Amino acid sequence: MGKKENEMSAMEIDDPKSDGSEQILPRFSMNVLQLMKTSQAQHGLRHGDYARYRRYCSARLRRLYKSLKFTHGRGKYTRRAILESTVTDVRFLHVVFYMTERAWSHAMDKRQLPDGPNARQRIYLIGRLRKAVKWASLFSSLCSNKTDSRTSLEAEAYASYMKGTLLFEQDQNWETALACFRNARAVYEELGKYGDLENQVLCRERVEELEPSIEYCKHKIGKSNLQTSELLQIGEMEGPALDLFKAKIEAAMEEARSQQAASLTEFNWLGYRFPVSNPKSRVSILKAQDFEKELQGPGAEFLPAEKKLTIYDKLFTAYHDARTIIRSDLVSAGNAESVKDDLNGLDKAVGAVLGQRTIERNQLLVKIAKSKLNRKRDDKTEKVTKPEELVRLYDLLLQNVADLSDLISSGRDRKSEEIAFEEECQRKSLAFRAERCFYLAKSYSLAGKRVEAYALYCRARSLTEDALSKFQSIANKDEGTIQELKELSKECRANSCIEHATGIMEEEKAPEKLSKKISTISLNDTTTKVEKYLVDKLEEYESAVGDGNTKMAPKIERFPPGFETIPRNPIVLDLAYNCIEFPVLEERKKTERKGFISRLWGGRN
C-alpha cells in the first residue's frame with residue numbers, strides 16, 4: 001500500500017495540470033465515542049448479544065458501500081483499498097470504523113462461548129482482534145489527516161484501546177497494554193472537560209470503564225497490591241468494555257477455586273458430612289459458597305437490591321451445575337451402594353441449601369415490592385406494586401417452605417438439627433400465611449368488598465398471633481421477625497376497624513346512594529352509548545344501580561324499540577291447478593223447457 005501511495009504522489013507531482021498551489025479541503029467531524037456507544041446500545045450489546053451487533057455492522061457496511069458506490073465487483077471479489085485520497089466523504093471513515101467494530105464483535109462473540117474458546121477458536125479470536133487493531137490503526141491515521149483535532153484524538157484513543165484489548169487477550173506485553181489503556185484514558189479525561197454535557201458524561205463513563213483493565217495490568221506487572229477478589233469488585237459496572245476484563249477475572253477466580261478444591265473433601269449440612277469426590281462439583285460448590293459470602297458478608301447490607309438479585313442468579317447457577325454433576329456421577333456409580341448413598345445425601349444437602357437461598361431471594365423480592373406498595377408514583381414509567389403481586393410472592397414462599405420441609409422430613413432417622421430446622425420451617429410458613437392473608441384482605445379492600453376484607457383482616461390477625469407465640473417460645477429468638485409480626489398484628493387490627501367503620505358508613509349511605517342512582521335512570525339516551533340495558537340484565541344477581549364500577553347512569557330499555565324479526569305467514573302456491581284436465585259436464589246440465597209464447601218472446605230479444 002505504501003508503494004502505491006508513493007507512485008500516486010509522484011504522478012500528482014509530475015502532472016502538468018497541477019498548478020502547484022495546495023487545495024484546502026474541508027475537515028470532517030465525527031463523534032466517535034457517541035457513535036460507538038449508540039450503535040452498541042441499540043443493536044444488541046445492551047444485553048451482551050455480540051452476534052446481533054456483528055450482523056448490524058455487516059448490514060451497515062453494505063448500506064454504506066451502496067450509498068458511496070464503493071462496491072468490490074459483481075463477479076470475483078476484489079477489495080478496494082481506502083486510502084487518504086479515497087476519503088472524500090465522511091462515510092468512508094464510517095466504513096473503516098464499522099469494519100473495526102465487526103472484527104472486534106466477532107472476537108468477543110467467540111470469547112463468550114459456554115465452555116470458553118478452545119485452542120483453535122482462540123487462535124481465530126486472536127486473529128479477529130488483530131484485524132480489529134489493523135482497521136483501528138487505519139481509522140486513526142485517516143482521521144489525523146482528514147478530520148478536526150477532536151475527532152483525531154478520539155480515533156487515537158479508540159485505536160489505543162483496540163491495541164490494549166489485543167495484548168490483554170494475549171496475556172503478554174502487559175507494560176504495552178498498560179500504556180495503551182493509559183493513553184486512551186488520558187485522551188478521554190481531556191475530552192471530558194470540553195464539549196456539551198452529554199459528551200462529557202460519555203467520556204467520564206469511558207474513563208471509569210478503562211480503570212479495571214488498567215488495575216488488572218498493574219496487578220499482572222506487580223505494581224498493584226490488589227487481590228483478584230478485590231479486582232472483581234472494581235469491575236461491577238456493566239458494559240462491553242468490561243466484558244473481556246470480567247472474563248479474565250472469572251478465569252483467575254476459577255483457577256483459584258480449582259486450587260482450593262483440593263481442600264474441599266466434604267460438604268457439611270445439619271450435622272451430616274457428605275464426601276465430595278468429583279473435582280468439578282467441588283469447584284461449583286466453592287463458587288456458590290463465594291457468592292454466599294458476598295450476600296452474607298459485612299458489606300452485604302450496603303449492596304443494592306438489583307446487585308443482590310444478580311448474585312442470587314449466579315449462586316443458583318453454580319448450585320444447579322453442582323447437582324447436575326452429582327446426578328451424572330450417580331448414574332455412573334453402578335451397583336456401589338455406599339457410593340450411591342453418599343451421592344444421594346450430597347444431592348439432598350445441596351438441594352436443601354438451594355431451597356434456603358431461594359426463600360431468601362423471594363423474601364428480598366417481597367421487600368422490594370413492599371417498598372413500592374405505598375410509594376407515590378412520580379414517574380409515569382414507574383410501576384407501583386399491587387397487593388395481588390405480594391399475594392403471589394407469598395404463595396411462592398409457602399411453596400418453597402413446603403418443598404424444603406418435605407425434603408428434610410423424607411429421611412427415617414433424623415437428628416435433632418433436622419427436627420429443629422423443620423420446626424423453623426413451620427414457623428416461617430405460619431408467618432408467611434399471616435402476611436399472605438393480610439395482603440389478600442388489602443386487595444379485597446381496594447375492590448370495595450368490605451365484608452370479605454374485614455373477615456380476612458381478622459383471620460390474618462389470628463394467624464399473626466399464632467406465629468408470634470411460636471417465635472416467642474423458642475430459646476434463640478429472632479427479634480427482627482418478632483418485631484415485624486407485632487407490627488403486622490397492629491396493622492391487622494387497625495385495618496379491620498377501618499373496614500368495619502367504612503362498611504357501616506356505606507350501609508348507612510346505601511339507600512341515599514341507591515335513590516340518587518335510581519333518580520338518574522332514564523328510559524333511553526341517544527347521546528350516550530350504553531353497553532347493556534337493565535332489561536337485558538334481569539337474570540343477573542348484582543344490580544347495575546348499586547354497582548359503583550359503572551361509568552354512566554343505567555338505562556332501562558331502548559326507545560323507540562328496535563325492529564325485531566318475526567315469522568311470516570306461509571305462501572301457498574297451487575301449482576297443480578293449471579295441469580288438471582277437467583271433464584266436460586255440458587251433457588249433464590238440465591235443459592230448460594220453454595213454451596210457445598216464451599220462445600216467441602225469446603226470439604225478439
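In these legends, Ala, Val, Leu, Ile, Met, Phe, Trp, Tyr, Cys and Pro count as nonpolar, Asp, Glu, Lys and Arg as charged, and the others, Gly among them, as polar.

**View A. The lining of the second largest pocket.** This is a predicted model, and here we look at a pocket with about 1,400 Å³ of space. Its lining has 46 residues, and Gln363, Leu364, Phe432, Thr481 and Glu484 lie nearest the centre. By class, 24 of the lining residues are nonpolar, seven are polar and 15 are charged.

**View B. The helices around the second largest pocket.** Helix 15 gives the most to the lining of this pocket, with eleven residues. The elements that give two or more residues to the lining are helix 11 (279-296), helix 12 (305-331), helix 13 (337-371), helix 14 (387-408), helix 15 (416-446) and helix 17 (479-508).

**View C. Helix 7 and its packing partners.** Helix 7 runs over residues 174-191 and spans 26 Å from its first C-alpha to its last, close to the expected 26 Å. Its buried residues are Trp174, Ala177, Leu178, Cys180, Phe181, Ala184, Arg185, Val187, Tyr188 and Leu191. They pack against helix 2 (32-42), helix 6 (149-170) and helix 8 (197-221).

**View D. Confidence along the chain.** The chain has a mean pLDDT of 79, with 78% of its residues at 70 or more. Helix 3 (residues 50-68) has the highest confidence, at a mean of 92, while helix 1 (residues 2-14) has the lowest, at 40. Please look at residues 1-24 with care in mind: pLDDT stays under 50 there, and the model has six contacts for them beyond four places in sequence.

Notes: Residues are numbered from 1 along each chain as its sequence is written. This is a predicted model: local features need pLDDT of at least 70, side-chain atom pairs count only at pLDDT 80 or more; totals for chains, interfaces and linings use all residues. Side-chain values use heavy atoms; hydrogens and water are left out. pLDDT is the predictor's confidence in each residue, from 0 to 100. Helices (H or I, at least four residues) and strands (E, at least two) are DSSP runs, numbered from the N terminus. Contact means heavy atoms within 4.5 Å. The expected span of a helix is 1.5 Å times one less than its number of residues. Buried means under 20% relative accessible area, exposed over 50%, partly exposed in between (1.4 Å probe, protein chains only). On a 1 Å grid over the protein atoms alone, a cavity is a set of points where a 1.4 Å probe fits but cannot get out, and a pocket is an open set with protein on both sides within 12 Å along at least five of seven lines; lining residues have an atom within 4 Å of a point. Grid points are joined across faces, edges and corners, and a volume is the space filled by probe spheres set on the points.
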